[in-house]
Amino acid sequence: KKRSGYEIITLTSWLLQQEQKPIIDAELTIVLSSISMACKQIASLVQRANISNLTGTQGAVNIQGEDQKKLDVISNEVFSNCLRRSGRTGIIASEEEDVPVAVEESYSGNYIVVFDPLDGSSNLDAAVSTGSIFGIYSPNDECLPDFGDDSDDNTLGTEEQRCIVNVCQPGSNLLAAGYCMYSSSVIFVLTIGKGVFVFTLDPLYGEFVLTQENLQIPKSGKIYSFNEGNYKLWDENLKKYIDDLKEPGPSGKPYSARYIGSLVGDFHRTLLYGGIYGYPRDKKSKNGKLRLLYECAPMSFIVEQAGGKGSDGHQRVLDIQPTEIHQRVPLYIGSTEEVEKVEKYLA
Ligand code: P6P
């Protein structure tokens with residue numbers, strides 16, 4: 001049956017198609033739909049931040065020791081509430097929450113959702129790109145600590161312990177991952193393990209519309225995205241790598257530097273144009289700055305699905321077993337050739 005040239009595929013209809021194949025089950029379809037609804041609400045809040053006086057700080061500091069923006073707190077509540085109301089989420093772990101939270105309202109599916117509700121929020125007041133990042137796992141009860149036969153021994157059986165064990169899974173277990181970028185347009189990028197799909201929000205009727213399917217990152221690219229303000233704090237072999245990118249070479253043209261200071265914006269450009277984004281460890285941050293669970297792992301799942309690589313400089317990010325919720329890892333992510341090149345310098 002020929003598709004009419006005017007058939008518009010919305011995220012909602014795309015998710016239903018994946019459920020009918022079936023690639024995902026009804027519960028995961030509902031979780032993803034509720035995440036897209038949260039992102040639409042956050043997009044609206046972000047785009048009107050100055051008008052509704054929602055810029056600036058909340059006057060609190062989160063577990064990361066970062067000043068919370070008003071919109072950090074609100075975006076976290078929007079994300080958490082949409083996931084609760086989905087009834088299919090069992091545990092949520094957020095950059096803005098100290099510990100994972102068990103969701104009482106879950107009644108089936110019980111998916112684990114990790115997310116950074118508003119990454120790059122320090123850019124908000126200047127209306128520079130920000131984004132929400134998420135990853136979805138199955139419940140992981142089989143690796144709960146053995147409670148032994150002393151049933152009233154509550155040292156191991158605490159709800160918090162159960163949640164932490166459920167959330168601390170390697171990125172290779174991810175069922176789905178994605179982000180929503182709040183920029184000149186609102187772009188929702190998603191993988192459910194069968195390629196990367198890009199949806200653009202049509203503000204005229206508030207739906208994400210499929211604009212790119214099976215996105216593939218270029219195998220190499222002439223853009224590097226690092227905060228070179230930290231250059232003096234980097235390892236010597238990393239400095240050598242960066243210096244070599246600046247050599248004009250036979251083409252006479254060195255690499256271009258592009259750095260927004262917002263992971264979602266820098267990553268999305270890398271995904272489309274190719275090249276490499278890096279947040280290395282340095283003398284002041286021994287494990288870099290970005291968090292494994294809800295920043296590096298979801299982005300690495302996406303980039304691998306697009307034919308690229310995500311590394312901590314020595315190993316595949318998706319192979320790293322998290323030991324704590326907010327643990328940080330160095331990140332080098334983007335075109336395969338570029339990531340393999342930096343891994344050689346760092347070996
Ligand atoms: P720096 C934003 O705070 C963030 O977590 C990422 O979105 C961004 O890539 C990075 O930190 C920017 O950090 O140290 O370069 O300002």
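Strand β13 (residues 276-279) and strand β15 (residues 331-334) run antiparallel, joined by four bridges. Y277 stands opposite I333 of β15. This is a predicted model.

The two strands belong to an open sheet of five strands. The order is β12-β11-β13-β15-β14, and the pairing is mixed. At the edges sit β12 (256-257) and β14 (309-311), each of which pairs on one side only. Helix α7 (residues 292-305) packs on this sheet. The helix touches β14 and β15, and its direction makes about 25 degrees with that of β15.

**Ligand surroundings**

Which residues are around the ligand? They are D119, G120, N227, Y259, G261, S262, L263, Y277, Y279, K289, L290 and R291.

| Residue | Side-chain atom | Distance to a ligand oxygen |
|---|---|---|
| N227 | N or O atom | 2.9 Å |
| Y279 | polar atom | 2.6 Å |
| K289 | polar atom | 3.0 Å |

Taken alone, the ligand exposes 400 Å². The protein buries 82% of that area.

**Helix α6 and R269**

Helix α6 spans residues 263-273 and holds R269. How many residues of α6 are buried? Nine of its 11 are, so the helix is mostly covered.

Is R269 buried or exposed? R269 has a relative accessible area of 13%, so R269 is buried, the cut-off being under 20%. The side chain of R269 reaches the backbone oxygen of R258 at 3.4 Å. Leaving aside residues up to four places away in sequence, R269 touches I223, S225, R258, I260 and G274. R258 therefore figures both as a contact of R269 and as the residue whose backbone oxygen R269 reaches. G274, also touched by R269, comes just after α6 and takes a positive phi of about 85 degrees.

β5 pairs with two strands named here. Strand β3 (residues 89-94) pairs with β5 in the parallel sense over five bridges. Strand β6 (residues 130-137) runs antiparallel to β5, and six bridges join them.

F115 has a partner in each of these strands. The bridge partner of S94 in β5 is F115. F115 also stands opposite F134 in β6.

N76 lies in helix α3 (residues 70-86). Why does N76 count as buried? Its relative accessibility is 7%, and buried means under 20%, so N76 qualifies. Which side chain does that of N76 meet in a polar contact of 2.9 Å? The partner is E97. Leaving aside residues up to four places away in sequence, N76 touches S94, E96, E97, F115 and P117.

Notes
Residues are numbered from 1 along each chain as its sequence is written. This is a predicted model: local features need pLDDT of at least 70, side-chain atom pairs count only at pLDDT 80 or more; totals for chains, interfaces and linings use all residues. Side-chain values use heavy atoms; hydrogens and water are left out. Two strands pair if DSSP finds at least two bridges between them. Contact means heavy atoms within 4.5 Å. Axes are lines fitted to C-alpha atoms, for helices over the stretch in contact, and angles run from 0 to 180 degrees between N-to-C directions. A residue is near a molecule or strand if one of its heavy atoms lies within 4 Å of it. A polar contact is a pair of N or O atoms within 3.5 Å; within protein, one must be able to donate a hydrogen and the other to accept it, and residues adjacent in sequence count only if both atoms are side-chain atoms. Accessible areas come from the Shrake-Rupley method with a 1.4 Å probe; for residues, only the protein chains shown count as cover. Buried means under 20% relative accessible area, exposed over 50%, partly exposed in between (1.4 Å probe, protein chains only).
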